[in-house]
Amino acid sequence: MSRNNEVQPTAVNLICDGTSIKGDVKASRDIRIDGYLNGKMDVNGKVVVGNTGKIEGDVKCKTIDVSGRVEGNIMASEMVNLKNTAVILGNIATDKISVEPGAKFTGTCKMGEQAPKKDEKK
């Protein structure tokens, strides 16, 4: 089999600025969005939404770094990073979250499988 047809393990999918996609996206590798996506995303790796990137739809992934805009729910099994230019209109479910000052988030956030219990004083 030719090695030219093999995908490199470090390959990253890219939707460039000026590109619009309507429909659901499923990827087994990392993906970067600098353009526009109207549809659901299901990614087995990391999603990066650049400054010019916009997603209208739910995102399911391991980790996500958002500098652009997401209008939909985010379900990240490991980590959500909201950069100072991020705008999120939707709910977030994740294990860990990092929010830089300036990021805008309208929705609810659920972290971990269970909320920690309040310490009981005796």
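Is I55 buried or exposed in this predicted model? I55 is buried, its relative accessible area being 0%; buried denotes under 20% relative accessible area, exposed over 50%, and partly exposed in between (1.4 Å probe, protein chains only).

The model is predicted, so that local features need pLDDT of at least 70 and side-chain atom pairs count only at pLDDT 80 or more, while totals for chains, interfaces and linings use all residues. Residues are numbered from 1 along each chain as its sequence is written, and side-chain values use heavy atoms, with hydrogens and water left out.

View 1. Strand β8 comprises residues 54-56 and includes I55; strands (E, at least two residues) are DSSP runs, numbered from the N terminus. Beyond the neighbours within four places in sequence, I55 is in contact (heavy atoms within 4.5 Å) with I33, L37, G39, M41, V49, R69, V70 and E71.

**View 2. The pairing of K46 with D65.** A salt bridge (a side-chain nitrogen of Lys or Arg within 4 Å of a carboxyl oxygen of Asp or Glu) joins K46 and D65, with 3.1 Å between the closest N and O atoms. This pair links distant parts of the chain, as K46 lies in strand β7 (residues 46-49) and D65 in strand β9, 19 residues apart. Strand β9 spans residues 59-66. D65 counts as buried because its relative accessibility is 13%, whereas K46 is partly exposed at 30%. Leaving aside neighbours within four places in sequence, D65 is in contact with K46, V47, V48, V49 and N81.

View 3. By the same rule, the structure has five salt bridges. One of them connects the side chains of R32 and D34 at 2.8 Å, N to O. R32 is partly exposed, with a relative accessible area of 33%, and D34 is buried at 14%. Another brings together E56 and K54 at 3.1 Å, N to O. Salt bridges with shared partners unite K54, E56, R69 and E71 in one network. Both E56, at 25% relative accessibility, and K54, at 26%, count as partly exposed.

View 4. The structure contains zero disulfides, a disulfide being a pair of cysteine sulfur atoms within 2.5 Å. C16 is partly exposed because its relative accessibility is 38%. C61, by contrast, counts as buried at 5%.

Terms used:
Helices (H or I, at least four residues) and strands (E, at least two) are DSSP runs, numbered from the N terminus.
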